[in-house]
Amino acid sequence: MTTRLFAPLAGLGLLAACAMPPEGVTPVDLVAFDEAVASIGCDLVSESDYLPVELQTGLTREQVIQTAAFRVASEEAVKLENGGVRLITGACAPA
């Protein structure tokens with residue numbers, strides 16, 4: 001099941017050249033995404049991470065995945081070895 005969650009993240013490198021927010025995701029949604037990811041410990045790895053972000057932001061799973069990809073392409077997040085993503089800005093900035 002976890003593999004299905006991260007298959008869309010495999011193409012993150014392709015997005016680096018065109019770092020634009022996902023269609024339908026507003027600047028307000030981007031702020032809400034950052035706040036929601038920070039509230040769960042800054043990492044999106046498993047179902048238990050994605051669900052609260054979806055609930056807090058009102059974004060769909062696909063929008064959350066695409067927003068995570070956008071944050072990676074914008075160098076505001078990094079890919080993790082386990083296939084997840086870690087936000088590295090704002091409240092999630094490394095100390």
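Helices (H or I, at least four residues) and strands (E, at least two) are DSSP runs, numbered from the N terminus. This is a predicted model, in which local features need pLDDT of at least 70, side-chain atom pairs count only at pLDDT 80 or more, and totals for chains, interfaces and linings use all residues. Residues are numbered from 1 along each chain as its sequence is written, and side-chain values use heavy atoms, with hydrogens and water left out.

**View 1. The whole protein chain.** Five helices and three strands make up the elements of the protein chain. Their order from the N terminus is α-α-α-β-α-α-β-β. Of the 95 residues, 40% are buried (under 20% relative accessible area; exposed is over 50%, partly exposed in between; 1.4 Å probe, protein chains only). Contact means heavy atoms within 4.5 Å. Among contacts between residues at least 6 apart in sequence, 58% join residues at least 24 apart.

**View 2. Confidence along the protein chain.** pLDDT is the predictor's confidence in each residue, from 0 to 100. Its mean over the protein chain is 87, and 81% of the residues reach 70 or more. Residues 12-16 fall below 50; beyond near neighbours in sequence, this stretch has six contacts in the model. Where pLDDT is low, the predicted coordinates should not be read in detail.

**View 3. The open sheet.** Three strands line up in the order E1-E3-E2, with antiparallel pairing. Strand E1 (43-44) and strand E2 (77-79) are the edge strands, each pairing on one side only. Two strands pair if DSSP finds at least two bridges between them. E1 and strand E3 (residues 85-87) are joined by two bridges. Leucine 44 has valine 85 in E3 as its bridge partner.

**View 4. Helix H5 across the strands.** Helix H5 (residues 61-73) lies across E1, E2 and E3, at about 100 degrees to E2. Axes are lines fitted to C-alpha atoms, for helices over the stretch in contact, and angles run from 0 to 180 degrees between N-to-C directions. From first C-alpha to last, the 13 residues of H5 reach 18 Å, close to the 18 Å expected at 1.5 Å a residue. That expected span is 1.5 Å times one less than the number of residues. How many residues of H5 are buried? Ten of the 13 are, and the helix is mostly covered. Among them are Val64, Ile65, Phe70 and Val72.

View 5. Glutamate 54 sits in helix H4 (residues 47-57). Is glutamate 54 buried or exposed? Glutamate 54 counts as buried because its relative accessible area is 16%. Beyond residues up to four places away in sequence, glutamate 54 touches Leu59, Thr60, Arg61 and Val64. Leucine 51 also belongs to H4. Leucine 51 is partly exposed, with a relative accessible area of 37%. Leucine 51 and valine 64 are 13 residues apart in sequence, with their C-alpha atoms 9.7 Å apart in space.

**View 6. Two loop residues with positive phi.** Most residues other than glycine have a negative phi. Cysteine 42 has a positive phi of about 80 degrees, although it is not a glycine. Cysteine 42 lies in the loop between helix H3 (27-39) and E1. At 13% relative accessible area, cysteine 42 is buried. Glutamate 75 has a positive phi of about 60 degrees, and it is not a glycine either. The loop between H5 and E2 holds glutamate 75. Glutamate 75 counts as exposed, at 66% relative accessibility.
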